[in-house]
Amino acid sequence: MKLKTIDAILDRALMGDDVSPQEGVVLLKQTDPEAIAAIRTTADKLRHSQAGDTVTYIINRNINFTNICEQHCSFCAFRRDDGDAGAYWLDWTQILEKSTDAVQRGATEICMQGGLNPQALIDGKSLTYYLKLVETIKQEFPQIHLHAFSPQEVQFIARVDGLEYADVIAALRDAGVGSMPGTAAEVLDDEVRRVLCPEKIDTTTWLEIVSTTHKLGLHTTSTMLSGHIETPEQQISHLEKLRSLQKTAMDRGYPAQITEFILLPFVGKEAPKPLRRRVGRDQPVLADALLLGAVARIYLGNWIPNHQPSWVKLGLAGATEALVWGCNDIGGTLMEEHITTMAGALGGTCMEVETLQTAIASLGRPYQQRDTLYQKVRSF
């Protein structure tokens, strides 16, 4: 593809136009260093105009409450069957201890997700168990923002209890869940999902649950698990579905929408062997992740202005580099992270605030603590 064509696409993006799926694919397929540099520059300029120069971060804690899971995703090194070595399921005391530690360390958010554990029931009900999880934290720490339970977990609860998705979401919201992680999206293409996560919800269900969540007043994030078996066409189709989901929330005046897009490059070191062999490498290719992140900014930025890399998956140096490829947020402190770490990621499980600030400052950019919904938090 001639550089002239690339320049024409990028010029239109800089003027505020949305690029088409076809143009998105053209950008993703570039291998010429000059074209890639132009894409990076455009993504960085759009980041500046759509999100500003200040790089945000959040003080948060992950609580992965169980790794016992009925599903067998081909990329997952986290899940265990009940009784397996390494299987765990936190009790209420442990959850409270972790929450207390988070609050003492200045967290404004607890992010809570776990395996789909068929035994996680109270009085034979799944929803009652999940509500108790929420109430255990919120009764003690009403001020903490609970960013909890993916669309997959909503579908699991609804299926086990025979409920509508909207009933599950409304009950979690009323109990104190503040927003929903847009995880379990992997790649929103059913051909890819059949290989990657055949037991997970399909694309249509994921989109339906997220849209219902927006309608019921809970903001969500959005994600993509990239760099495994998917094609550039499937990557762009995923971004297109997210863009259209956000447009729906805005056009219909829903009280909530997507707050951010997070790219999650595949880490295969400890992943189940068949997929690992098929992908052929253990760690993400930074160059691929940076290009995809830049194209995601160009594709989504008019609608989803906040973009975040994963320091857990890319390492802090890679995530810092992503801040000049269209990202404006460096994510959270996490305090503990098991899902990616058990897959063999090198990024670590906890990041000190000062470490994140130093990384941001190394680019000559200002930093700012934020909350889950991207409101400024006053630094003390």
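Trainee: What makes the order S9-S1-S10 an open sheet, and is the pairing parallel or antiparallel?

Mentor: This is a predicted model, and in it three strands form an open sheet with parallel pairing, in the order S9-S1-S10. S9 and strand S10 (367-369) each have a single partner strand and stand at the edges, so one side of each has no neighbour in the sheet. On average, neighbouring strands are turned by 20 degrees against each other, direction ignored.

Trainee: How do you know that S1 and S9 are paired?

Mentor: Strands pair if there are at least two bridges between them. Strand S1 (residues 55-58) and S9 are joined by two bridges and run parallel, so they count as a pair by that rule. In one of the strands, S9, Asp329 is the bridge partner of Thr56.

Trainee: Which helix packs on this sheet, and which strands are touched?

Mentor: Helix H14 packs on the sheet and touches S1, S9 and S10. The direction of H14 makes about 170 degrees with that of S1.

Trainee: What makes the span of helix H13 worth a remark?

Mentor: A straight helix of twelve residues would span 16 Å, at 1.5 Å a residue. H13 (residues 311-322) spans only 10 Å between its end C-alpha atoms.

Trainee: Why is H13 called largely enclosed?

Mentor: Nine of its twelve residues are buried, so H13 is largely enclosed by the rest of the structure. Among the buried residues of H13 are Trp311, Leu314, Gly318 and Ala322. Their cover includes strand S7 (258-265), helix H12 (286-300), strand S9 (329-332) and helix H14 (353-361).

Trainee: How many cavities of 30 Å³ or more does the structure hold?

Mentor: There are four cavities of 30 Å³ or more. The second largest cavity has a volume of about 60 Å³, and the residues that line this cavity include Leu263, Ala289, Leu314, Ala322 and Trp325. H12 and H13 are the elements that give two or more residues to its lining. The largest share, four residues, comes from H12.

Trainee: What is the volume of the largest pocket, and which element gives the largest share of its lining?

Mentor: The volume of the largest pocket is about 300 Å³. Of the 18 residues that line this pocket, Gly227, Glu230, Gln235, Asp288 and Ala289 are the closest to its centre. Helix H10 (232-251) and H12 each supply at least two lining residues, and H12 has the largest share with five.

Trainee: What makes the phi of Leu334 stand out?

Mentor: Most residues other than glycine have a negative phi. Leu334 is not a glycine, yet its phi is positive, near 65 degrees. Leu334 lies in the loop between S9 and H14.

Trainee: Why is Leu334 called buried?

Mentor: Buried means under 20% relative accessible area. Leu334 has 12% relative accessibility, so it counts as buried.

Trainee: What is the phi of Tyr374, and is Tyr374 buried or exposed?

Mentor: Tyr374, in the segment after S10, has a positive phi of about 65 degrees although it is not a glycine. Its relative accessibility is 16%, so Tyr374 counts as buried.

Key. Residues are numbered from 1 along each chain as its sequence is written. This is a predicted model: local features need pLDDT of at least 70, side-chain atom pairs count only at pLDDT 80 or more; totals for chains, interfaces and linings use all residues. Side-chain values use heavy atoms; hydrogens and water are left out. The expected span of a helix is 1.5 Å times one less than its number of residues. Buried means under 20% relative accessible area, exposed over 50%, partly exposed in between (1.4 Å probe, protein chains only). Contact means heavy atoms within 4.5 Å. Axes are lines fitted to C-alpha atoms, for helices over the stretch in contact, and angles run from 0 to 180 degrees between N-to-C directions. On a 1 Å grid over the protein atoms alone, a cavity is a set of points where a 1.4 Å probe fits but cannot get out, and a pocket is an open set with protein on both sides within 12 Å along at least five of seven lines; lining residues have an atom within 4 Å of a point. Grid points are joined across faces, edges and corners, and a volume is the space filled by probe spheres set on the points.
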